[in-house]
Amino acid sequence: MSQYTLDINGKKHSVEADGQTPLLWIIRDSVGLTGTKFGCGIAQCGACTVHLNGNAVRSCSIPVSAVVNQEITTIEGLSDDKSHPLQKAWIEHQVPQCGYCQSGQIMSAAILLKNNPKPSDEDIDAAMQGNICRCGTYQRIRKAIHAASNEMNNSNSER
Amino acid sequence: MERVNNNLDRRKFLKMSGITGAALAIGFNIPFSNGGNASIQNLNSDLPNGVTLNAFIIIEKTGKITLINPRPDMGQGSFQAVPALIAEELEVSLDQVEIKNSDGSKKYGSQLSGGSSSIRGSWEPLRKAGAAAKEMLIKAASSKWKIKESDCYALEGKIFDKTSKRSLSYGALVEEAAKLEVPENPKLKEPKDFKLLGKDGKRPDIPLKVDGEAVFGLDYKVPGMLYASIERSPVFNGRVAKYDDSKTKQVKGVIAVLKCERPMPHRKSESVAVIADNYFSAIQGRKALQVTWDDGEFGNVDSEGFFESLRNLAKSEGAVHHEKGEFEKTFNDAPKKLEFVYETPFLAHAPMEPENALAHVKKAECEIWAPVQGPDWLVDQVSKYLNIQPEKVKVNVTFLGGAFGRKAYYDYVLEAVHLSQKLNAPVKVIWSREDDTSLGPFRPGLISALKGGLDLSGNVVAFQHKVVAPSIQHQLYKSLQSGKSDGWAMEAIEEKDSPYKIPNVKYNFVLAETDIPIVWWRSVYASSNIFGHESFIDELAHASKKDPLKFRMEMLKDAPRHLNVLKILEEKSGWNQSLPSGKARGVAISRSFETICAHVVTVSKNDSGIKIEKVVSVMDCGMTVNPDNVKAQTEGNIIMGITAAIKDAITFKSGRAEQTNFHNYRVLRINETPEMEMHIVQNFEKPGGVGEPGLPPVAPALTNAIFNLTGKRIRKLPFNLNEV
């Protein structure tokens with residue numbers, strides 16, 4: 001057991017853990033942020049997706065010892081008030097069904113739009129195919145990503 | 001999946017704490033179940049302080065309005081749709097109310113999210129409850145103002161005076177309203193006046209699901225909670241021969257290792273539980289555990305043997321479920337005969353949230369926090385398991401991260417109950433994805449054996465569908481009489497659901513015994529039966545050299561709602577417009593859970609095989625509560641139906657499931673998702689189910705399209721699009 005300092009959503013957290021513990025369980029059980037979900041444990045489903053230094057990563061497969069003092073963002077840190085264009089689009093298009101995978105979906109989509117503000121359908125396929133939705137909300141996810149992209153590009157051009 | 005409780009006494013209501021002061025609380029004097037008639041009660045009448053009961057509507061003096069949702073939300077939208085029934089008649093918007101889930105107490109009646117029954121079961125009683133409360137509030141206002149009731153109306157949580165436009169809030173009226181008689185037959189609104197029902201409604205749970213706020217079972221914690229990861233026999237009824245936990249006990253955080261059990265309805269199986277103060281330690285401890293299993297007699301079960309036994313059973317007559325005319329004779333005499341067998345596999349549900357439950361057993365009480373589809377069933381099972389009164393079991397229903405039938409099978413909850421009792425502490429059991437994938441219960445694998453005879457003009461004169469399958473009710477409840485047909489297993493193919501006009505028909509059920517744990521899986525037997533049924537209808541159409549859609553329409557000409565669905569689908573799918581070469585369409589229709597759904601699937605050839613281009617869908621589910629959500633459910637059913645057709649089966653070797661996680665039990669992903677287009681028939685028929693009926697016709701519409709494209713007939717699921 002060792003002490004690790006983590007930078008999550010702009011706040012420092014000191015946790016005591018076995019260094020091999022996946023970041024997922026640290027986020028959920030030690031820090032208490034439960035929006036990040038456990039789905040498969042082997043980086044196949046994307047339910048545990050968080051941002052690590054601006055990249056979308058699967059937190060179930062990254063040991064806590066590897067992320068000390070690096071910038072981690074979870075779904076709770078994406079905005080303070082559900083105001084990220086993706087969150088607004090997700091509500092507008094009524095994307096979630098059970099909702100369990102949606103934190104991961106939104107976190108993957110956020111990195112896609114950051115790197116590619118106007119993604120094509122093919123870009124969305126490439127960026128989002130690591131995230132499973134068993135309820136089958138894919139068509140709405142696609143629509144909502146396009147809608148968020150439009151909103152971001154419009155508000156940029158107004159500036 | 002529907003259960004009717006016939007033994008309900010007219011009991012007085014139990015006290016429910018939490019409300020002080022006067023309140024108007026409306027509920028029922030008997031638990032209502034699907035189709036049941038309960039009289040509506042003012043639950044204040046014989047109780048002090050207006051403290052309630054089984055109320056589905058609680059209006060407090062402060063103006064706070066609480067509506068109870070008795071149908072757990074697993075993604076199907078009951079958290080909006082069920083309270084909307086009350087809100088419509090009560091004249092409140094859903095933003096004005098707090099929605100709470102029921103807790104499993106008998107007093108709330110049926111609380112099952114299953115069998116696509118939530119709206120069908122609540123449509124009448126909950127609207128009546130809302131209407132009754134509204135009438136009482138109007139009466140209270142009219143006496144206060146000394147005007148006629150007909151000069152008052154309700155809107156947005158207030159009663160208005162039609163002439164002067166003065167108003168009083170519901171909160172200001174509850175004290176008076178609560179003293180009034182409850183109207184026995186409150187007047188329900190005309191559908192044309194609906195403000196919420198039949199309109200695209202925004203689900204109140206969705207904002208909670210975009211920033212991690214929604215609490216699922218996995219997220220719930222209580223102080224002092226212990227975590228359990230359980231090693232269960234990979235063979236379903238294997239026994240623990242011995243285990244070595246010396247390495248497990250060296251894992252920091254591990255508190256105990258103990259023998260445990262998995263209580264399934266048909267048997268208990270043995271397991272070893274690793275208990276820790278955090279979940280990762282429990283997982284690590286389980287990895288370090290050495291268990292030696294005694295596989296017992298089922299260590300030799302394998303899929304090939306299973307399906308071979310079904311093919312042998314198909315030669316027997318089994319139980320005749322239904323017969324009309326003279327099938328044998330007309331089939332034997334028919335100038336053209338067709339005879340094929342279709343096979344559908346065992347499947348896991350694989351909800352994104354693996355099974356998990358937190359239980360705290362104290363002396364003769366038990367409290368549970370878990371994602372479950374039917375808290376009332378669970379209360380029954382826990383009270384029997386612990387031998388305590390049902391009133392002493394409380395279930396806190398969380399949001400469910402998917403379920404599809406799996407979370408109406410409570411082995412995972414009873415494991416937590418078992419461990420909590422042994423350890424005298426709150427215990428949370430979390431299944432791994434490997435546990436979820438490989439341990440069942442599964443959709444039963446089955447075969448459909450079909451025979452059909454055509455006359456010289458290509459009319460179907462004889463038709464037989466024989467279902468050879470394990471019986472869910474037989475395994476779970478031992479409720480199947482020997483030699484009888486299983487009504488569930490014949491789902492969706494009987495004439496009431498599939499009213500093809502054929503003079504001589506016969507439906508048989510042949511029971512296949514199995515010890516593999518089985519259970520309902522989204523749309524239950526319909527998902528399997530309709531594959532064989534609608535594939536065979538297509539084969540008959542081709543054999544009679546008729547267009548498959550026109551062939552169906554001709555045979556459904558006396559079934560107006562089916563016919564109407566196909567007519568709309570013909571137009572919306574552009575069925576009569578020719579496609580470029582390399583593309584083809586297929587059609588299938590089914591009725592399940594009182595809803596008719598038909599799909600046209602368009603497929604194309606590409607470099608690697610076949611691509612699913614588009615699915616156009618038409619549904620007649622009667623009146624809708626939230627059409628946008630009906631579409632969402634159908635989109636989900638199409639995705640799940642395609643997954644079931646073209647991805648992985650659960651297969652068995654040496655008594656063990658061979659699939660373990662999403663790498664070998666694959667599901668459809670966004671890059672494989674076809675374009676989907678949904679059309680809902682507008683009518684004022686009684687609502688049908690919407691959570692499942694979109695699934696059954698997916699696979700046959702797809703394979704029928706592939707036949708039209710390639711001439712290859714697929715009679716076994718799943719298949720690989722790149723190997724057709």
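**View 1. L6(A) stands opposite H13(A) in β2(A).** In this predicted model, local features need pLDDT of at least 70 and side-chain atom pairs count only at pLDDT 80 or more, whereas totals for chains, interfaces and linings use all residues. Residues are numbered from 1 along each chain as its sequence is written, and chains are lettered from A, with ligands numbered from 1, in the order in which they are written. Strand β1 (residues 2-8) of chain A and β2(A) run antiparallel and are joined by 7 bridges; strands (E, at least two residues) and helices (H or I, at least four) are DSSP runs, numbered from the N terminus.

**View 2. The open sheet of chain A has 5 strands in the order β2-β1-β5-β3-β4, with mixed pairing.** Two strands pair if DSSP finds at least two bridges between them, and the edge strands β2 (11-17) and β4 (55-58) of chain A each pair on one side only.

**View 3. The contact takes 47 residues from chain A and 45 residues from chain B.** Residues are in contact here if their C-beta atoms, placed from the backbone, lie within 7 Å. On the side of chain A that touches chain B, α5(A) gives the most, with 4 residues.

**View 4. Helix α14 (residues 627-646) of chain B has end C-alpha atoms 29 Å apart.** At 1.5 Å a residue its 20 residues should span 28 Å, which agrees, the expected span being 1.5 Å times one less than the number of residues. In α14(B), 18 of the 20 residues are buried, that is, 20 or more other C-beta atoms, placed from the backbone, lie within 10 Å of their own.

Notes. Buried ≥ 20, exposed ≤ 12 C-beta atoms within 10 Å, placed from the backbone. Contact = placed C-beta atoms within 7 Å.
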